[in-house]
Amino acid sequence: MTPFGKDIRHRWLLEEDIHFLNHGSFGACPRDVLVAQSEWRSKMEMQPVKFFTVDGPEGLKRAKKMLADFIGAKDENTVFVENATTGINAVVRSFMPSFQPGDELL
């Protein structure tokens, strides 16, 4: 069984008396993610042009492939979006021509 709750609390910097439930909107990042973010920022600061033209795009491609594999999707059908609202908007707009007056989207 995958640990959760108090068993993984130590992976976040959250104060002990906080019961944080809103990881979707303003998520507190796990410590491992904060370390990875710092490594990527350092990489960017050391060679900004190379980062934005080579390292960053290659890293995103690798991450997208890993995500696609993880969720069982095709790499070419997987994209990153700015946030959940942007993603839902893109999906709904892709179906717009097929909606008819009176249709309901739930």
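This is a predicted model: local features need pLDDT of at least 70, side-chain atom pairs count only at pLDDT 80 or more; totals for chains, interfaces and linings use all residues.
Figure 1. Of the protein's 106 residues, 9% count as buried. The charges are worth a glance too: there are 13 positive and 15 negative ones, and their mean positions lie 5 Å apart.

**Figure 2. Four helices and zero strands make up the secondary structure of the protein.** Reading from the N terminus, the order of elements is α-α-α-α. The C-alpha trace spans about 50 × 40 × 25 Å along its principal axes. The radius of gyration is 19 Å, whereas a compact globule of 106 residues would have one near 13 Å. Contacts tell their own story here: among those between residues at least 6 apart in sequence, 0% join residues at least 24 apart.

**Figure 3. Aspartate 55 sits in helix α3, which covers residues 48–71.** Is this aspartate 55 buried or exposed? Aspartate 55 counts as buried because its relative accessibility is 12%, and the cut-off for buried is under 20%. Leaving aside residues up to four places away in sequence, aspartate 55 touches Trp40, Lys43 and Lys50.

**Figure 4. Lysine 64 is another residue of helix α3.** With a relative accessible area of 19%, lysine 64 is buried; the limit it has to stay under is 20%. Which residues does lysine 64 touch, not counting those up to four places away in sequence? They are Asp75, Glu76, Thr78, Val79 and Phe80. For threonine 78 there is a further detail to look for: its backbone oxygen lies 3.5 Å from a polar atom of the lysine 64 side chain.

**Figure 5. Threonine 86 belongs to helix α4, residues 84–94.** Its relative accessible area is 34%, so threonine 86 is partly exposed; that class lies between the 20% limit for buried and the 50% limit for exposed. How far apart in space are threonine 86 and histidine 10? From C-alpha to C-alpha the two are 32 Å apart, and 76 residues separate them in sequence.

Definitions and conventions
Residues are numbered from 1 along each chain as its sequence is written. Side-chain values use heavy atoms; hydrogens and water are left out. Helices (H or I, at least four residues) and strands (E, at least two) are DSSP runs, numbered from the N terminus. Buried means under 20% relative accessible area, exposed over 50%, partly exposed in between (1.4 Å probe, protein chains only). Contact means heavy atoms within 4.5 Å. The radius of gyration is taken over C-alpha atoms; the globule rule is 2.2 Å times the number of residues to the power 0.38. Lys and Arg count as positive and Asp and Glu as negative; His and the chain ends are not counted. The place of a charge is taken as NZ of Lys, CZ of Arg, CG of Asp or CD of Glu. A polar contact is a pair of N or O atoms within 3.5 Å; within protein, one must be able to donate a hydrogen and the other to accept it, and residues adjacent in sequence count only if both atoms are side-chain atoms.
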